[in-house]
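I opened this entry to record what I looked up in the structure. My notes follow in the order in which I made the look-ups.

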Amino acid sequence: MCWAVNCMKNKLVFSEVKKILVIRLDAAGDLILSTPFFRNLRDNFPNAVITALIREYTQGVLVNNPNVDKLLVYPEKSNVLKRINFILSLKKENFDFAVSLSPIAKSFFLSFLVAGKRTFSYSYSGRFTANIIASLLGKCPKLDIAGLLSSGERVPHEVLQTFVILKSLGINPKEYPLEAFPEAASFKFAESILPKLPAIGVHLSFKWLTGGWTEKDLAELVKALKSGFPHASIVVTYGKLENSLAVSLKKLLKNEDVIFAGDYSFSDWAAVISKCSVLVTTDTGALHCAAAMQTPPVCLYEASTFEHCSSQWAPWKIKSKILKKTDFKIAVEEILKSVGELIDI
């Protein structure tokens, strides 16, 4: 896919850049996918202060990341006056330029208010409101995902999409792996709940319950992994949004020796995933957390969006298995085979 890349009207003098703002206001998985961008930014602006503006629940992703100097949380739950004051405080920082890593209207608008046309981003064709606001920033490279899919072309990986911004800055990006930096205490915590290794992780998501799959099917998948790999621990991870699903699964697996590890801090969750020999997951942020922690994933993508999602959000720079989520019985056989090919027992 060829992008039309536009550089700044006045050539950027890298050595003169002192302050950079990077805005990413979507999910934790997307922020993990942004870590190669931050590393490239640090490579090229070693003396600049790099500030990341993110959502509250994703901030653990960038804690201890050496390529980010400051973390700011956007006050999305505050009243209008507090948000206006927050934006004014950002504007006073006089950033040399801003980056909108999320091709969404809110991020574009914030970038424009803080840095005006000193903003770099990209946009998607077909997003009417976002593109109107993006036009205020100047010319943004556009990606026509629908056009690519209709013509049989692959959608660029999200990491590579962010690299278009680096190229707009005049940077030739390096394809670094994903990164996360859990606390030392988190690794000790992970060891305490996973005394028996190797371990196979299964990440819960309501995406499992599509295409005719039920909670009972999910429980049967866990049982099949226990039966197929009797020398491995089975650990089920989940976030706050999946608490109800975890409760149901615990009841269905009450007589099984399965470890449930859920609603943890990002640091503890990432450390638990790092102890797994393989992680079985649907298309969620857990997939990218696994890649950042060098845990090979088996990832199932929805059949209806497989061509798009398995390309844009594929496992990045990690040994993996990509499967299409199909009929339960067929899928379980493919999952067991894939785990067997990846796991190191």
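This is a predicted model: local features need pLDDT of at least 70, side-chain atom pairs count only at pLDDT 80 or more; totals for chains, interfaces and linings use all residues.

**Helix α5 and its surroundings**

The buried residues of α5 pack against α4 (105-115), β6 (123-124) and β7 (142-143). I then listed which residues these are: within α5, which runs over residues 128-135, Ala130, Asn131, Ile133 and Ala134 are buried. Because they cover an arc of only 165° around the axis, they lie on the same side of α5.

**Helix α12**

I next asked how many residues of α12 are buried. The count is 7 of the 8, so this helix is largely enclosed by the rest of the structure. The buried residues of α12 are Ala286, Leu287, His288, Cys289, Ala290, Ala291 and Ala292. For their cover I noted α1 (28-33) and α11 (266-275) among the helices, and β8 (199-203), β11 (278-282) and β12 (297-302) among the strands. After α12 comes Gln294, and I recorded a positive phi for this residue, near 60°.

**Nonpolar cores**

I looked up the largest nonpolar core and found that it holds 50 residues. Ile20, Val22, Phe38, Leu41, Phe45 and Phe97 have the most contacts inside this core. Helix α12 (residues 285-292) gives the most to it, with 5 residues. Apart from this core I found another, of 34 residues, which includes Ala219, Leu225, Ala232 and Leu253.

**The chain as a whole**

I counted 14 helices and 13 strands in the chain. Of its 345 residues, 53% count as buried. Among contacts between residues at least 6 apart in sequence, 66% join residues at least 24 apart.

For the overall dimensions, I noted that the C-alpha trace spans about 65 × 50 × 40 Å along its principal axes. The radius of gyration is 21 Å, which agrees with the value near 20 Å that a compact globule of 345 residues would have. The chain exposes about 15,700 Å², and carbon and sulfur atoms supply 54% of this area.

**Confidence**

The average pLDDT of the chain is 92, and 96% of the residues score at least 70. Where does pLDDT stay under 50? I found this over residues 1-10, for which the model has 25 contacts beyond four places in sequence.

Methods: Residues are numbered from 1 along each chain as its sequence is written. Side-chain values use heavy atoms; hydrogens and water are left out. Buried means under 20% relative accessible area, exposed over 50%, partly exposed in between (1.4 Å probe, protein chains only). Helices (H or I, at least four residues) and strands (E, at least two) are DSSP runs, numbered from the N terminus. The arc is that of the directions from the helix axis to the C-beta atoms. Contact means heavy atoms within 4.5 Å. A nonpolar core is a set of buried Ala, Val, Leu, Ile, Met, Phe, Trp, Tyr and Cys residues joined through side-chain atoms within 4.5 Å. pLDDT is the predictor's confidence in each residue, from 0 to 100. The radius of gyration is taken over C-alpha atoms; the globule rule is 2.2 Å times the number of residues to the power 0.38. Accessible areas come from the Shrake-Rupley method with a 1.4 Å probe; for residues, only the protein chains shown count as cover.
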